[in-house]
Amino acid sequence: MSAFDELLEAVEAMPAIDFHSRIAPASPAASNASEVVLNHCLRAELVTIGVPPSTFEADDKKKSVADVTQHLPKISNTTTSWCLTQILRNLYNIEAPIDEQKLETLWTEVARTSADPAWPAKVLQKANIERVLVSCDWD
């Protein structure tokens, strides 16, 4: 085994601390797909490439998510896009690019997982996160 592989294995085994979480402690699971796809980091990048901010505020969240996913390839080289890709793959078993069928699967999977009270703990365990520090005042 190479030194790189040994180091990678050691780092992957270390528990992580999420020191900048924006997850609401009282409701840590996404309740719908818009909470996964329309997060503030993706919004900032998408607005930068010309997506109108009003796209994110539409009452019809399914339409907002569908509209936004058409623009995701334009930011595919960013860290935020990589994070979304990892979330979709590792938590919801969805591979990019997102098409209409995958979008429906995402809505179904997020609804299913949000109904599971053990889901937040499963996500933390899967990500090897030992502690979460909240960076927003949710009161």
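Which residues does T69 touch, not counting residues up to four places away in sequence? Select T69 to begin: its contacts, meaning heavy atoms within 4.5 Å, are V37, I98 and L103. T69 is found in helix α5 (residues 61–69), where helices (H or I, at least four residues) and strands (E, at least two) are DSSP runs numbered from the N terminus. With a relative accessible area of 8%, T69 is buried; buried means under 20% relative accessible area, exposed over 50%, and partly exposed in between, with a 1.4 Å probe and protein chains only.

Before moving on, note that this is a predicted model, in which local features need pLDDT of at least 70 and side-chain atom pairs count only at pLDDT 80 or more, while totals for chains, interfaces and linings use all residues. Residues are numbered from 1 along each chain as its sequence is written, and side-chain values use heavy atoms, with hydrogens and water left out.

Next, select V51, which is placed in the loop between α3 (40–48) and α4 (54–57) and is buried, at a relative accessible area of 3%. Leaving aside residues up to four places away in sequence, V51 touches L46, F56 and H71. For one of these, H71, a C-alpha distance can be checked in the viewer: the C-alpha atoms of V51 and H71 are separated by 7.8 Å, although the two residues are 20 residues apart along the chain.

Now show the side chains of Y92 and W119, which form a tilted aromatic pair with 6.0 Å centre to centre and 40° between the planes. Rings of Phe, Tyr and Trp (its six-membered ring) pair if their centres lie within 6.5 Å, and planes under 30 degrees apart count as stacked, over 60 as edge-to-face and the rest as tilted; by this rule the count comes to one aromatic pair. Y92 lies in helix α6 (residues 79–92) and W119 in helix α8 (residues 119–126), so the pair ties together parts that are 27 residues apart in sequence. Both Y92 and W119 are buried.

Stay with helix α6 and select N90, which lies in that helix and is partly exposed, with a relative accessible area of 34%. The C-alpha atoms of N90 and A127 are separated by 9.3 Å, and these residues are 37 residues apart along the chain.

From there, go to the loop between α6 and α7, where N93 lies. N93 has a phi near 55°, a positive value in a residue other than glycine, and is exposed, with a relative accessible area of 68%. P97 lies in the loop between α6 and α7 (100–114) as well, and a cis peptide bond with omega of about 0° joins A96 and P97.

A positive phi, near 60°, is also found at N128, again a residue other than glycine. N128 is found in the loop between α8 and β2 and counts as partly exposed, at 29% relative accessibility.

For another ring, select K62 and W107: the charged end of K62 sits over the ring of W107, 5.4 Å from its centre. The criterion is that NZ of Lys or CZ of Arg is within 6 Å of the ring centre and within 35 degrees of the ring normal.

Finish at L133, which is found in strand β2 (residues 129–134) and is partly exposed, with a relative accessible area of 40%.
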